[in-house]
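Here is a friendly walk through one protein model, meant to be read with the structure open beside you.

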Amino acid sequence: MDKTLNYADILKTTVQEATINQPRLQALKLYAVCDTESGHFLVLATGWDKQRWIDSILFHARLVEHQIIIEEDNFEESLTQILIAKGIRKDDIVIHLQPAILS
């Protein structure tokens with residue numbers, strides 16, 4: 001099987017599951033954004049937190065050739081670790097800002 005296609009499927013499933021499985025402690029809505037053509041996979045959070053509007057990226061991964069570049073992973077249970085548990089090799093993941101996450 002083509003590793004790039006498999007990785008895209010794993011990313012898409014993981015991002016979609018992350019938006020479903022989150023407790024709704026705040027009035028925030030989570031959205032999965034999966035663009036397999038450009039290789040971008042995101043989880044967005046939007047909504048009101050008391051008197052303040054929130055619009056932020058909780059998770060952002062880019063699929064570039066045979067590597068996954070993690071730009072953001074702000075989940076308490078790291079989505080990066082979930083990706084590894086689902087079969088993505090550690091060697092194929094590059095953490096852009098937080099190299100200690102794979103330790």
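## An aromatic pair

Searching the whole structure turns up one aromatic pair. W48 and W53 make this pair in an edge-to-face arrangement, 5.4 Å from centre to centre and with 70° between the planes. For such pairs, the rings of Phe, Tyr and Trp (its six-membered ring) must have centres within 6.5 Å; planes under 30 degrees apart count as stacked, over 60 as edge-to-face and the rest as tilted. W53 is partly exposed, with a relative accessible area of 48%; on this scale buried is under 20%, exposed is over 50% and partly exposed lies in between (1.4 Å probe, protein chains only).

Another ring worth a look is that of Y31, where the charged end of K29 sits over the ring at 5.6 Å from its centre. A charge counts as sitting over a ring if NZ of Lys or CZ of Arg is within 6 Å of the ring centre and within 35 degrees of the ring normal.

## How to read the model

This is a predicted model, in which local features need pLDDT of at least 70 and side-chain atom pairs count only at pLDDT 80 or more, while totals for chains, interfaces and linings use all residues. Residues are numbered from 1 along each chain as its sequence is written, and side-chain values use heavy atoms, with hydrogens and water left out.

## The sheet

Five strands build an open sheet with mixed pairing, in the order β1-β2-β3-β4-β5. Helices (H or I, at least four residues) and strands (E, at least two) are DSSP runs numbered from the N terminus, and two strands pair if DSSP finds at least two bridges between them. The edges belong to β1 (27-35) and β5 (93-95); each has a single partner strand, so one side of each lacks a neighbour in the sheet.

Now follow the antiparallel pairings. β1 and β2 are joined over nine bridges; V33 has L42 as its bridge partner in β2, and D35 has H40. The hairpin of these two strands has four residues between them, and G39 takes a positive phi near 85°. β2 and β3 run antiparallel with ten bridges, and F41 is partnered by A61 in β3. Their hairpin has two residues between the strands, with K50 in the turn at a positive phi of about 60°. Six bridges link the antiparallel strands β3 (residues 52-64) and β4 (residues 67-73), where L63 has I68 as its bridge partner in β4.

## The core and its neighbours

What does the largest nonpolar core look like? It has 22 residues, and V43, F59, I68 and I70 have the most contacts inside it. Such a core is a set of buried Ala, Val, Leu, Ile, Met, Phe, Trp, Tyr and Cys residues joined through side-chain atoms within 4.5 Å. At least two core residues come from each of α1 (3-20), β2 (40-49), β3, β4, α2 (79-85) and β5. The largest share, six residues, is supplied by α1.

Leaving aside neighbours within four places in sequence, V43 is in contact (heavy atoms within 4.5 Å) with residues including V15, L30, F59, F75 and L79. T46 lies in strand β2 and is buried, with a relative accessible area of 17%.
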